[in-house]
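Thanks for coming, everyone. Please take a look at the model on the screen.

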Amino acid sequence: MTAAMYDASDVGHSPEDDLLEAFLALHTPKGFKAELIEGEIVVTPPPDGNHEAVFGRISRQVFRLSDGDITLAGNKGLNVPGGKFIPDMTFAMEGAFDEQPPWMEPRGLLMVVEVTSSNPGRGREAKRLGYAAAEIPLYLLVDRQRREVVLYSHPEKGDYSGTHIVPVGDPLPLPKPFGFDLATDRLI
């Protein structure tokens, strides 16, 4: 009869711990990003040019037209309930990203932005719920497949209670500290 080997380090070690450990040790090719979304490691390739053009058009409007002193991080790692997300854009008040680790807690953020790519369902559902659970005040989704721009607001009980959808081409009002109508005509 053979006895099973026992390793004291296995006590209290869950499959979720193993997944997080594997995720944090992951080395992705340059330009790729890895996220942990609802227990799944998701690796995405570098964005296409149209995706990056949307990034530029939104950021220029925010910096030109916002009421507040707002800063931007592209691809900032966030610890949210249900995973480790990397929004396409993260807006916060100036100084919010100073001294932050690669995976920061989402305190003090104003708005996250996602531009859909090959798997739009993640942005519509899993990421929306993760950002709401993290109580990020605004989530802007540029849905290229549906040709619409969606602003989710008022996070409560793990989802956003406010949803404002406009077809691409119609202006989308952004509340303060942004305080302007986002031009969406060139976002697709």
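I will go through the sheet, then its helices, then one glutamate.

First, the ground rules. This is a predicted model: local features need pLDDT of at least 70, side-chain atom pairs count only at pLDDT 80 or more, and totals for chains, interfaces and linings use all residues. Residues are numbered from 1 along each chain as its sequence is written, and side-chain values use heavy atoms, without hydrogens and water.

Now the sheet. It is open, has 6 strands, and runs β3-β6-β8-β9-β10-β11 with mixed pairing. Strands here are DSSP E runs of at least two residues, helices H or I runs of at least four, numbered from the N terminus. Pairing takes at least two DSSP bridges.

Look at β8 (109–115) and β9 (138–143). They run parallel, joined by 5 bridges. Met111 has Leu138 in β9 as its bridge partner.

Next, the helices. Contact means heavy atoms within 4.5 Å. Angles, from 0 to 180 degrees, compare N-to-C directions of axes fitted to C-alpha atoms, for helices over the stretch in contact. Helix α3 (120–133) packs on the sheet and touches β8, β9, β10 (148–156) and β11. Its direction makes about 170° with that of β9. Helix α2 (49–65) lies across β3, β6 (89–93), β8 and β9, at about 165° to β3.

Last, Glu148, in strand β10. Is Glu148 buried or exposed? Buried, meaning under 20% relative accessible area with a 1.4 Å probe, protein chains only. Yet Glu148 has no salt bridge, which would take a Lys or Arg side-chain nitrogen within 4 Å of an Asp or Glu carboxyl oxygen. The nearest side chain of opposite charge, Arg146, is 4.2 Å away. Beyond its neighbours within four places in sequence, Glu148 has contacts including Leu141, Asp143 and Ile165.

Note on methods:
Buried < 20%, exposed > 50% of the residue type's maximum accessible area, 1.4 Å probe, protein only. Lys, Arg positive; Asp, Glu negative; His and termini not counted.
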